[in-house]
Amino acid sequence: MKLSDVYACLKKDKPEGFLEKEICGITHDSRNVKAGYVFVAIRGHKLDGHDFVGKAVVEGAIALVVEEKIKVVPHSTPQIVVSNTRKALALVSSNFYSNPSSQMTIVGITGTDGKTTTSYLIRSILNTAGCNAGLIGTIQHYIGNRVLPARETTPESIEIQQHLAEMLKSGIKYVVLEASSHALFQHRLDEINFAVAVFTNLSAEHLDYHKNMKSYREEKIKLVKGLGFNDFSILNADHDASKHFAESSKSQILWYGIKRKTADVTAEMIEIDEFKTKFTLNSPWGKETIHLHLLGRHNIYNALAAATTGFALGIKIDMIKKGIESLQEVPGRLEKVNYGQDFHIYIDFAHTHQALRVILRTLREIAKRRVIVVFGCGGDRDRKKRAKMGHIAEKYADIFWVTSDNPRTEDPNKIIEEILQGVTSEACFRVQPNRKAAIEEALLEANKGDIVLIAGKGHERYQTFQQTTIPFDEREIIRQALKITTICA
């Protein structure tokens, strides 16, 4: 890609005395600038890329994309001024990598909960059907033979385009992508040609960022707005917000659900216990009994969303059944931890009041004895959910520990105080700010047949305090705690 191509795709006139140059790369992070790169200055939540353009030039940037001219930059370094550098980054990135999504089938998934599990199920269906599929999501990115840890649900646009280009080069034509509301708002998904958009559900989350539920919903609706007449929207018939998605999309719509039997794809004859989730998948394309390894009614919804996506892509029902049933687990999503103990332990990412409610209802449904919970709330996030999570823990758990999650820049004890505002004095609970100690105490409390849920961090293997992030693997903490308990016994 040449520098003149950047001006062309941004519809900007080349300056007087323009000198053509070959572009070696694009980045929005000044730490990644190399000789021959274009640096795009992004205004972030905490830092402003415009403050780092000088560093970018020193490191070898041959051009800058900015929202305002920077005076300290040498005149020899062209500055391309645009109204929105995030939009510009998506556009230039797509052009730099020759718009890979135009040659691929991209499935985008949005919603508050269920995105990750649904993405794993869809990828499993695609792979089973012989459609080698990549994945970009919350836990990991599957790119050809490479598996990369994810830093966020949806990466920045330059990273997404790079991943797509690498997948296409390795022969991958199908990609499943989790679409967060932040990413949609910040134009990270601009210039991606989605063939299918899946909506799971909507509940209060990220309201510290989006301010209210309508704004939050409208950001997610952007995913279906970009679809064409030949594309598909896969919508949850049992969720009221789906009507807004349907009204905003000109694509073909397929509905899935459990309660509304008028949906295209439904679940019947549901059986749920501590060992299995079984249901009959009913659709215009056939009927099959599904033995789902993932526990709970919420995972039936995820499986229905995945199955409906498979039908939209022309996959036969036998391959859909096989794909769903071949997925054993999703890391940190009601992940069962078994080191030979005589009670059940689950780790789950539930970090909102709605997600915690769904998981605890599932565990209450299958519980033979007590349900014990360890949870906290993340710092620098929506504070309104904290008391609600305390109330839900009191309602569904027999005993629970209130502890730290990722406090970030907040005082862990202040977060705990806000959680306890939703808890009555009659509740059976413990307060232990040290998450490791809270897990150990809960495991020591557990008796034969009890269920212990450790909620909030799921797949994460770290804990964040102030500006410090420490290793924190709950599976290893559980293993060590059970080992000590066994020795003491």
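Visitor: Which residues form one aromatic cluster here?

Guide: Phe375, Phe400 and Phe429 form that cluster. One caution before we go on: this is a predicted model, where local features need pLDDT of at least 70 and side-chain atom pairs count only at pLDDT 80 or more, while totals for chains, interfaces and linings use all residues. Residues are numbered from 1 along each chain as its sequence is written, and side-chain values use heavy atoms, with hydrogens and water left out.

Visitor: Good to know. How do you describe a pair of aromatic rings?

Guide: By the distance of the centres and the angle of the planes. Here, rings of Phe, Tyr and Trp (its six-membered ring) pair if their centres lie within 6.5 Å; planes under 30 degrees apart count as stacked, over 60 as edge-to-face and the rest as tilted.

Visitor: And how many aromatic pairs does that rule give?

Guide: The count comes to seven. In one of them, tryptophan 285 and phenylalanine 311 are stacked, with 4.6 Å from centre to centre and 15 degrees between the planes. This pair links distant parts of the chain, 26 residues apart: tryptophan 285 is in the loop between strand S14 (277–283) and strand S15 (286–292), and phenylalanine 311 is in helix H10 (residues 297–312). The helices (H or I, at least four residues) and strands (E, at least two) are DSSP runs, numbered from the N terminus.

Visitor: Is phenylalanine 311 buried or exposed?

Guide: Buried, because its relative accessible area is 6%. Tryptophan 285 has 40%, so that residue is partly exposed. The terms work like this: buried means under 20% relative accessible area, exposed over 50%, and partly exposed in between (1.4 Å probe, protein chains only).

Visitor: What about phenylalanine 400 and phenylalanine 429, what do they form?

Guide: They form a stacked pair as well, at 5.6 Å between centres and 20 degrees between planes. Phenylalanine 400 belongs to strand S19 (residues 399–402) and phenylalanine 429 to strand S20 (residues 429–431), so distant parts of the chain, 29 residues apart, are linked. Phenylalanine 400 is buried at 1%, whereas phenylalanine 429 is partly exposed at 25%.

Visitor: Switching to charges. How many salt bridges does a search of the whole structure find?

Guide: The search finds 29. A salt bridge here is a side-chain nitrogen of Lys or Arg within 4 Å of a carboxyl oxygen of Asp or Glu.

Visitor: Which residue forms a salt bridge with arginine 386 at 2.7 Å?

Guide: That is glutamate 410, with 2.7 Å between the closest N and O atoms. Arginine 386 sits in helix H13 (residues 385–396) and glutamate 410 in the loop between S19 and helix H14 (412–420), so the bridge ties together parts 24 residues apart in sequence. Arginine 386 counts as buried because its relative accessibility is 0%. Glutamate 418 also bridges to arginine 386, its closest N and O atoms being 3.1 Å apart. Glutamate 418 lies in H14 and arginine 386 in H13, so this pair ties parts that are 32 residues apart in sequence. Glutamate 418 is buried too, at 14%.

Visitor: Which residues do salt bridges that share partners join into one network?

Guide: Arg43, Asp48, Glu67 and Glu68. Within that group, the side chains of arginine 43 and glutamate 68 meet at 3.3 Å, N to O. Arginine 43 is in the loop between strand S2 (37–40) and helix H2 (53–58), and glutamate 68 is in the loop between strand S3 (63–66) and strand S4 (79–81), so parts 25 residues apart in sequence are tied together. Arginine 43 is partly exposed at 35%, and glutamate 68 is partly exposed at 41%.

Visitor: Thanks! Last one: where does lysine 259 lie?

Guide: In the loop between strand S12 (252–257) and strand S13 (265–272). Lysine 259 counts as exposed because its relative accessibility is 67%.
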